Amino acid sequence: QLQLVESGGGLVQPGGSLRLSCAASEFTLGYYAIAWFRQAPGKEREGVSCINKSGGNTNYADSVKGRFTISRDNAKNIVYLQMNSLKPEDTAVYYCAADPFLITTVQAMCSLTSTVYDHWGQGTQVTVSS
């Protein structure tokens with residue numbers, strides 16, 4: 001069973017930056033499209049960003065475009081979410097999730113729909129506050 005582990009969350013001031021990491025042991029993350037979701041208290045889980053298996057295509061929610069960047073290093077078996085210009089409304093628990101079924105082409109488009117993803121991490125808290 002694929003186990004995903006998120007790290008890098010914390011408390012940051014508005015305008016600051018954080019880099020989240022999603023790692024897996026014993027499984028090759030390159031076989032999976034990876035997405036980041038977030039859930040704030042009292043709100044539904046929201047797709048933030050995703051990246052296909054090769055890293056050749058990415059997708060972002062409108063709310064984070066231009067501020068967040070997803071990337072992957074398949075050699076290191078890790079996926080990153082670089083978050084810049086953070087806002088208080090970015091406060092949430094962030095989860096990474098894996099989809100093994102996306103076709104393996106450079107231009108395959110990953111999904112920000114949670115039901116597509118079979119494997120989930122436990123989440124890392126991001127709090128943006130002064």
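## Getting started

Buried means under 20% relative accessible area, exposed means over 50%, and partly exposed lies in between (1.4 Å probe, protein chains only). By that scale, Trp 120 counts as partly exposed, at 26% relative accessibility.

The structure above is a predicted model, in which local features need pLDDT of at least 70 and side-chain atom pairs count only at pLDDT 80 or more, while totals for chains, interfaces and linings use all residues. Residues are numbered from 1 along each chain as its sequence is written, and side-chain values use heavy atoms, with hydrogens and water left out. Helices (H or I, at least four residues) and strands (E, at least two) are DSSP runs, numbered from the N terminus.

## A network of charges

Let us begin with the charged side chains. Side chains of opposite charge can pair when their charged atoms come close. Here a salt bridge is a side-chain nitrogen of Lys or Arg within 4 Å of a carboxyl oxygen of Asp or Glu. Searching the whole structure turns up four salt bridges. One of them joins Glu 46 to Arg 38, with 2.8 Å between the closest N and O atoms. Glu 46 is partly exposed, with a relative accessible area of 29%, whereas Arg 38 counts as buried at 6%.

Arg 38 also meets Asp 90 in a salt bridge, at 2.9 Å from N to O. Arg 38 lies in strand 4 (residues 33-39) and Asp 90 in the loop between strand 8 (78-83) and strand 9 (92-99), so this pair ties together parts that are 52 residues apart in sequence. Asp 90 in turn forms a salt bridge with Arg 67, at 2.7 Å from N to O. Arg 67 sits in the loop between strand 6 (58-60) and strand 7 (68-73), while Asp 90 is in the loop between strand 8 and strand 9, so the pair links parts that are 23 residues apart in sequence. Asp 90 is buried at 0% relative accessibility, and Arg 67 is buried with a relative accessible area of 10%. Through shared partners, salt bridges join Arg 38, Glu 46, Arg 67 and Asp 90 into one network.

Next comes strand 7. In a regular strand the side chains alternate between the two faces of the sheet.

Two strands pair if DSSP finds at least two bridges between them. Strand 7 and strand 8 run antiparallel and are joined by six bridges, with Asp 73 standing opposite Ile 78 in strand 8. The two strands form a hairpin with four residues between them.

## Two positive phi angles

Most residues other than glycine have a negative phi, and most peptide bonds are trans. Asn 77, in the turn of the hairpin, has a positive phi of about 60°. Asn 77 counts as buried, at 15% relative accessibility.

Ser 85 has a positive phi of about 50°, although it is not a glycine. Ser 85 is found in the loop between strand 8 and strand 9, and counts as partly exposed at 40% relative accessibility.

## Rings around Phe 37

Now for the aromatic side chains. Rings of Phe, Tyr and Trp (its six-membered ring) pair if their centres lie within 6.5 Å; planes under 30 degrees apart count as stacked, over 60 as edge-to-face and the rest as tilted. The whole structure holds two aromatic pairs. The rings of Phe 37 and Tyr 117 have centres 5.5 Å apart and planes at 75°, so the pair is edge-to-face. Phe 37 lies in strand 4 and Tyr 117 in the loop between strand 9 and strand 10 (119-120), so the pair ties together parts that are 80 residues apart in sequence. Phe 37 is buried at 0% relative accessibility, and Tyr 117 is buried with a relative accessible area of 5%.

Phe 37 and Trp 120 make a tilted pair, with 4.9 Å from centre to centre and 50° between the planes. Trp 120 belongs to strand 10 and Phe 37 to strand 4, so this pair connects parts that are 83 residues apart in sequence. Phe 37, Tyr 117 and Trp 120 form one aromatic cluster.

## A charge over two rings

A charge sits over a ring if NZ of Lys or CZ of Arg is within 6 Å of the ring centre and within 35 degrees of the ring normal. The charged end of Arg 45 sits over the ring of Tyr 95, 4.2 Å from its centre. The charged end of Arg 45 also sits over the ring of Trp 120, 4.7 Å from that ring's centre.
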